[in-house]
Amino acid sequence: CTVIFTRLATRDLHKPISILFCNLAVSDLFTSFSGFWISLLFITNPDITIFGSEDMLAPYALYTTSILSTIYNLVSIGIERYLAVAESMRTRFRVARNHSIAVVFISWVLAFFLGCLPLMGWNCLHAERSVSVLYSPFCVDYLVFIAIPNVAVAFVVPLFTYLRIIIILRRRKQRMKACGQATGTYKSAETQVARASISIWLLALVSYAPFFAGVIFDATTQRCHAELYPGVYIFRNCTAMLITITCLGNPVLYTLKLRTLGAKLRALRCLSAPRVRACAI
């Protein structure tokens, strides 16, 4: 909410990357909201979160939609950064505001379509054979269909784009060094990008790899719910906590550089103070 507020209040959405950052914050907000909804259902009726119920379809669908939207946003940010760095090298394509808006729209449409498939009928409310033991009443084949390609995209595409950015910056530094020019700026940029890319990739790996492992376990295990209780469900809850940590880590890595955020908030407070005094007068 802080990311969304600061970017809207400072009118910083004219940049394509700012639109993607704000949309990422919206996705994280939906993930937190849906996770909180599932937690309330667990508090009021724990059995439906274990054995499954029709009441779990809507929160699980919203949770899946928000996670998919977050993955698509992370991939879009990595591609946008790559195009921005490679723009002056070879490609003539320049990312504009309309492109970012189109990407945001397409990512949400795709996330809603894939996430709401269980609400459209792809569920196991009346089919016990392929029901998931971790995310009942979702079907195992639906979880495999959703998890494998999207988790692969979340790992491979950001890794490729940020590695390409580091390679481009290193080549530029070598060319400037061969011409006898100073390379301190590119060396600093290369270090920052390398640190950020490693952090982003590790955060995605730590967050989504356990969920992927849980889906694989779900697909290969033919046991009933009572035989897996409680250890497997503790693992499921830890997986949800890791995904929530991703929602907290994304603003820190992408937008919430604390000094910059503090300066913006102080500027907003200073701007609002004269308005309050003028209204009082």
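1. A word used throughout this note: contact means heavy atoms within 4.5 Å. This is a predicted model, in which local features need pLDDT of at least 70 and side-chain atom pairs count only at pLDDT 80 or more, while totals for chains, interfaces and linings use all residues. Residues are numbered from 1 along each chain as its sequence is written, and side-chain values use heavy atoms, with hydrogens and water left out.

2. Let's start with the N-terminal pair of helices (DSSP runs of H or I, at least four residues, numbered from the N terminus). From H1 (residues 2-9), Val 3, Ile 4 and Arg 7 meet Ser 18, Phe 21, Cys 22, Ala 25, Val 26 and Leu 29 in H2. By class, this contact has seven nonpolar, one polar and one charged residues.

3. How do H1 and H2 cross? Their axes (lines fitted to C-alpha atoms over the stretch in contact) come within 9 Å and cross at roughly 150°. The two helices are therefore roughly antiparallel (an angle over 145 degrees, on a scale from 0 to 180 between N-to-C directions).

4. Next, take a look at Asn 73 in helix H4 (residues 57-86). Leaving aside neighbours within four places in sequence, Asn 73 touches Leu 20, Asn 23, Leu 24 and Ser 27.

5. Finally, confidence: pLDDT is the predictor's confidence in each residue, from 0 to 100. The protein's mean is 76.

Technical notes: Parallel < 35°, antiparallel > 145°, perpendicular 65-115°, else oblique. Nonpolar A, V, L, I, M, F, W, Y, C, P; charged D, E, K, R; others polar.
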